[in-house]
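Here is a quick tour of the model, arranged by topic. Have the viewer open as you read.

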There are 2 protein chains.
Amino acid sequence: MTENSTNTVPEVLYLIHKDPALLQEALTQMRPPDIAEGLRNLPTDAAAHVMAALPFDVAVQVFDEPELTRERCGMILKMDDETAGLLVDAMSPDQQADLFREIPEKERGRLLKLLPPPSRQSLQKLLEYAPETAGGIMTTEFATIPSTWTVEEALRYISEVGAAKETIYAIYIIDPANQTLVKVVSLRELLVGDRAANVMNVGNPRPPLTVSPDADREDVARMISKYNLLAIPVVDASKHVLGIVTVDDVIDTLVKEQTEDAQKFGGMEALDAPYNEIGFFPMIRKRAGWLCALFLSEMLTATAMQRFQGEIEHAAVLAMFIPLVMSSGGNSGSQATSLVIRALALRELKLRDWWRIALRELPTGLTLGAILGVIGFTRIVLWQRLHIFSYGPHYLLVATTVGLALVGIVAFGSLAGSMLPFLLKKLGFDPASASAPFVATLVDVTGLVIYFSVAFVMLRGTLL
Amino acid sequence: MTENSTNTVPEVLYLIHKDPALLQEALTQMRPPDIAEGLRNLPTDAAAHVMAALPFDVAVQVFDEPELTRERCGMILKMDDETAGLLVDAMSPDQQADLFREIPEKERGRLLKLLPPPSRQSLQKLLEYAPETAGGIMTTEFATIPSTWTVEEALRYISEVGAAKETIYAIYIIDPANQTLVKVVSLRELLVGDRAANVMNVGNPRPPLTVSPDADREDVARMISKYNLLAIPVVDASKHVLGIVTVDDVIDTLVKEQTEDAQKFGGMEALDAPYNEIGFFPMIRKRAGWLCALFLSEMLTATAMQRFQGEIEHAAVLAMFIPLVMSSGGNSGSQATSLVIRALALRELKLRDWWRIALRELPTGLTLGAILGVIGFTRIVLWQRLHIFSYGPHYLLVATTVGLALVGIVAFGSLAGSMLPFLLKKLGFDPASASAPFVATLVDVTGLVIYFSVAFVMLRGTLL
């Protein structure tokens, strides 16, 4: 694999950016994604210098790399108006929109004016869509042909305009009377088809798959993935094609959503930049919020413990198993939550399935709790009998308390952990916000109450 | 979106599978991925009946759906030898290999014999590669042309063979002398190119990107995503093309890895099937293993607490804050772990970066700990002053103990949580196995020791 050669790219590029011959030579071996990756490791000033030295067509391709989203914003603000205008105008429309979303509000108007009026209007339209929708990730460069053409005509047209379109592997057939989408053919279907045939008679006769501009980008990703599409058209209510979402946008979307979900499940706000590139204080901010919220909720454990102060003073032996029984609830809850979040994300489960999951997690939790309960019971009895530690004359009652409490706590943990994502979704939040620490905190307080309630019943008259 | 119409697909298909006219009619509106999804909700017997009733070309497309991986294995074993042989032979080679990996060892030989010798040999070769490598997900249906051809010749050839290849959007140019790969052109480059030109003069002159058959499928996915490819060739050491990996394989790979990582981070073994489809006991097995391992490790907290029994009996007030301080360590650890796992997965971090992360997580953890410490201290002092609860005459010392312990525990949690994925990777394990519960357990025992050590220093001579 050649990707490792990119490590020294930024230095090399900066060293030679003033020598057009050397630069030209180096660039013939380099791909735009590698140059983009290299530029990310340069200070903004140096990166802007390199960009200015690149041949225009290469510069445009580099700027079109989604990887560079954050950095190109800084670069563009350092370029002179003419270069900036030409470069932005040559970018693909979806990347233009991404770039403008990053540009500070006060600079946006000035940059918009650098674009020719048609590009400006089409960009302003794209910017109206939310970034996590189909409209927000679509591009407006696609190939359409009228439904009256033959395969031969279509192929000739595509050979002529092909270089300028984001993809030509899906071709959109439009009814010339009302400009609505009537069919989608693949370039493959055209190429293997009869050249004299009408384009409407090529490929399969099913109505085309489409999405609306406000469809969630995750749903769009799921459709492209399920139907193995290279692109999907975004249409308005009257079937006019507004743009297309291509398979590479989908991959970027999948990777982004994956990262956000992983960070949320870890119990923090999703970062909007790579770990390496985020500053000390923004990082603290992203992490302190949830950490403090969890800490404040976890304070309820102290409140719960205050209520059981008498029990703890009478039977300090009970306190020893608090971390053990509490953490088991959190762990089983975390398992159930991660399962349900993922199944919801993959649409394997729907909101209305909550009761089926509850009916399933309860026996699962009871079984898992029983397994841990038996281990816990055995551990205490064994330590006592082997004289490793003495839990007092009532050690059998203590062992039973721990064992029974584990059954209840693990069952409650599994149930609460599996229901929390449903509850969050029902309330309109992202189910992925049901992080492992969130579930653990939820289960900790209840776990303590279960533990001391079991202890109260089991040990009344003996230790308590 | 039309995807919701699939809900009633299985019943409808089964009801009409004996009526060829009705079935034909229904199928013109249905896409193979929808049929595959529908079949998954039918019992194996019924699904096999429907499959047998489908027109052969549709049946092959349905069987080629990666979604059906597990179900098609059951179906194929219920079909008669002739149908099974024809169907499997018509599948694409990568899906054939996936199917055979699912088929029980003892049936595999019998089914292999149903295939014509050339298919059998090529399948046996594919089965030699591990399923998580490029070789394990590649297909052997791709379009090659000799480097001596013109664009015109190439396009004519592609129109003829296009229907039978997995993709024709990337075309592999082979040196006729030694059959090695010399260039990859896209169909777009051919189509917009000069028809009389030699194919070697079309597109860009860079050497083609390739992967070796034993490359990790995640790395392949990353390359396809980074370079916006529709396919990447898999070549041996002497540059012979063994197969290609296409972009839709990559999407499947990304989604699979994502699900596995999410489940691992939740503290369990990755499921190999959707949540809905896994039985009660397999589910218990997948979850009980890690849960028991964590439980056994967490027993160390009981051992630690036994050592501090004296302290707890003297100062039961200390026990009240155990859940609070312990969980804070786990939460901060879980944040750090999820960040580092994800950054490692995206190759934003490399193994050798561990010390830079350690140097970063330590001050981050200290700061976060200080924030929680101040909140904890304030809470105790406030409750005392407002007469909500009495922590005794030495409440200021208790509050200081909790506050200082939090600084130490959160700092340790962040550090341990961020280092654990590096350690696992170094030892050859998947860093994603560093689950939130794993980190919490690791931090719990240390947290207790830190807490009681701080208490010992602060409260000696007063409470202890």
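Lys425(B) counts as buried, since it has 21 C-beta neighbours inside 10 Å; the cut-off for buried is 20 or more other C-beta atoms within 10 Å, exposed is 12 or fewer, and partly exposed is in between, with C-beta atoms placed from the backbone. Keep in mind that this is a predicted model, where local features need pLDDT of at least 70, side-chain atom pairs count only at pLDDT 80 or more, and totals for chains, interfaces and linings use all residues. Residues are numbered from 1 along each chain as its sequence is written, and chains are lettered from A and ligands numbered from 1 in the order in which they are written.

**Around Lys425(B)**
- You'll find Lys425(B) in helix H21 (residues 395-426) of chain B; helices (H or I, at least four residues) and strands (E, at least two) are DSSP runs, numbered from the N terminus.
- Leaving out residues up to four places away in sequence, Lys425(B) touches Leu344(B), Leu351(B) and Pro431(B), where contact means C-beta atoms, placed from the backbone, within 7 Å.
- Lys425(B) and Leu351(B) sit 74 residues apart along the chain, yet their C-alpha atoms are separated by 7.5 Å.

**Where the chains meet**
- Chain A and chain B each put 100 residues into the contact.
- On the chain A side, helix H19 (residues 322-345) gives the largest share, 17 residues.
- That side of chain A splits into 59 nonpolar, 28 polar and 13 charged residues; here Ala, Val, Leu, Ile, Met, Phe, Trp, Tyr, Cys and Pro count as nonpolar, Asp, Glu, Lys and Arg as charged, and the others, Gly among them, as polar.

**H19(A) against H16(B)**
- Two packed helices are described by the angle between their axes and the distance between the axes.
- H19(A) packs with helix H16 (residues 280-307) of chain B at about 155°, the axes being 9 Å apart; axes are lines fitted to C-alpha atoms, for helices over the stretch in contact, and angles run from 0 to 180 degrees between N-to-C directions.
- H19(A) and H16(B) are therefore roughly antiparallel; the label needs an angle over 145 degrees, while under 35 is roughly parallel, 65 to 115 is roughly perpendicular and the rest is oblique.
- The crossing of H19(A) and H16(B) is right-handed, a label used if the near helix is turned clockwise from the far one by less than a right angle, with anticlockwise being left-handed.
- On the H19(A) side, the residues include Pro323(A), Leu324(A) and Gln335(A), and among those they meet in H16(B) are Arg287(B), Leu291(B) and Phe295(B).
- By class, the contact of H19(A) with H16(B) has 7 nonpolar, 6 polar and 2 charged residues.

**Helix pairs inside chain B**
- H16(B) also packs with helix H22 (residues 436-459) of chain B, at about 10° and with axes 9 Å apart, so H16(B) and H22(B) are roughly parallel.
- Leu294(B), Ser297(B) and Glu298(B) are among the H16(B) residues in this contact, and the H22(B) residues include Pro437(B), Phe438(B) and Thr441(B).
- The contact of H16(B) with H22(B) divides into 9 nonpolar, 3 polar and 2 charged residues.
- The axes of helix H6 (residues 69-78) and helix H8 (residues 93-102) of chain B come within 9 Å and cross at roughly 70°, so H6(B) and H8(B) are roughly perpendicular.
- Thr69(B), Arg70(B), Arg72(B) and Cys73(B) in H6(B) meet Asp98(B), Leu99(B) and Glu102(B) in H8(B), a contact of 2 nonpolar, 1 polar and 4 charged residues.

**One face of H4(A)**
- In helix H4 (residues 44-53) of chain A, the residues Ala47(A), Ala48(A), Val50(A) and Met51(A) are buried.
- Looking down the axis of H4(A), the buried residues fall within an arc of 160°, so they line one face of the helix; the arc is that of the directions from the helix axis to the C-beta atoms.

**Loops to check**
- Gln179(B) has phi near 60°, a positive value in a residue other than glycine, and lies in the loop between strand E2 (167-174) and strand E3 (181-186) of chain B.
- Phi of Lys239(B), also a residue other than glycine, is positive too, near 70°; Lys239(B) sits in the loop between strand E4 (231-235) and strand E5 (241-246) of chain B.

Key: Contact = placed C-beta atoms within 7 Å.
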